[in-house]
Amino acid sequence: MAEPSPLLTVRNLGVAFRTPRGPVRAVDSLSFDVPHGRTLGIVGESGSGKSVTSLAVMGLHTGAEVTGSVALEGRELVGLSEPELNRLRGRRMAMIFQDPLSSLHPYYTVGEQIAEHHRVHFGSRRSAARARAIEALAEVGIPEPKRRAGEHPHQFSGGMRQRVMIAMALVCEPDLLIADEPTTALDVTVQAQILDLLARLQQERRLSIVMITHDLGVVARVAHEVLVMYGGRAAEQAPVDALFATPAHPYTRGLLDSLPRLDDPDDVPLRAIPGTPPSLLEPAPGCAFAPRCARAAAGTAGERERCATERPAPGGPEDHTAACHFASFPATAAHEGTAT
Ligand SMILES: Nc1ncnc2c1ncn2[C@@H]1O[C@H](COP(=O)(O)OP(=O)(O)OP(=O)(O)O)[C@@H](O)[C@H]1O
Ligand SMILES: [Mg+2]
């Protein structure tokens, strides 16, 4: 049987902001797919363009120049009018924002807020919307949902509030859920519960999920495919097992090296990659990672010159690609990037 076409297809996405110091290219030449019922993990350091990418998919950038294509089941979203996008947001795609308190209103009860969301998108009656809101709170594992629907956001713990956000995002049964760092502020036990909840909901509803995180542990736990971003571009894309087993891009290898080791808790925790992320105001002509790259530093003068002046395009075997002149793929002698 032929592979079904992906739910979400992003091609050559660019997002630029006009600033007093010049245009900021926050996302550039980015392409990825999210198949039905699968999770794409997007990972990268702070400022790598993860949130800007997700907001672009949702059509939430005002004042930014968005180029390229974002298609939901073949329907182009870039350039749609605000009312058209509004119809899709909620019912076809929903987002959990990085900071839950900023998307919950402090003065309304959580039940009212979830019900309002349902009413706006389905034109449902108040009583039906309220019943649906209580159902949604139950589905995300909030005990005594009827009573808790009458409470305000500040009466919920961080983990429970994140469940409320998930209930709000899923009350209209979207096909695509974008979750931007949904567990960053939570302790590890609660984080694991929230990730398990998302996995269960995904199975039950064949939900497609984009999981944005700077935490490779989260990616390992939930993602099927992974997109590693650096400086607004794709550094590496691969199925999750391949990414962890045979990372091809020096940046990915750096991120993996900075993971704390589970087998040796006394090992130095979190070795950050030295150096700072690139300037998006004046992008260097070559590889954005070159100034911090161990592979470039260890290369010959000619190789270093190439990294500094020639921007690498993503390439590699089949579904594993890396944007590095010297990407190291296993057993691909024919590929240019076997130099490491
Ligand atoms: N409205 C804006 N105007 C100008 N620059 C912006 C705007 N929004 C984002 N940026 C810039 O775009 C870049 C990418 O930001 P983004 O929020 O996507 O990073 P991120 O990967 O989500 O980081 P974090 O892990 O900290 O959430 C940053 O350099 C940021 O300063
Ligand atoms: Mg972000």
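I am reading a predicted model, in which local features need pLDDT of at least 70, side-chain atom pairs count only at pLDDT 80 or more, and totals for chains, interfaces and linings use all residues. Residues are numbered from 1 along each chain as its sequence is written, chains are lettered from A and ligands numbered from 1 in the order written, and side-chain values use heavy atoms, with hydrogens and water left out.

I then looked up the atom pairs (N or O atoms within 3.5 Å). A polar side-chain atom of S46 lies 2.5 Å from an oxygen atom of ligand 1, and a side-chain N or O atom of K50 is 2.8 Å from a ligand oxygen. The protein covers 64% of the 640 Å² of accessible area that ligand 1 has on its own (Shrake-Rupley method, 1.4 Å probe).

Last, I turned to helix 7 (158–170) and helix 8 (188–205), which pack at an angle of about 20° with their axes 10 Å apart, the axes being lines fitted to C-alpha atoms over the stretch in contact and angles running from 0 to 180 degrees between N-to-C directions. Helix 7 is therefore roughly parallel to helix 8 (angles under 35 degrees).

Terms used. Polar contact = N/O pair within 3.5 Å; in protein donor to acceptor, adjacent residues only side chain to side chain. Helix = DSSP H or I, 4+ residues; strand = E, 2+ residues; numbered from the N terminus. Parallel < 35°, antiparallel > 145°, perpendicular 65-115°, else oblique.
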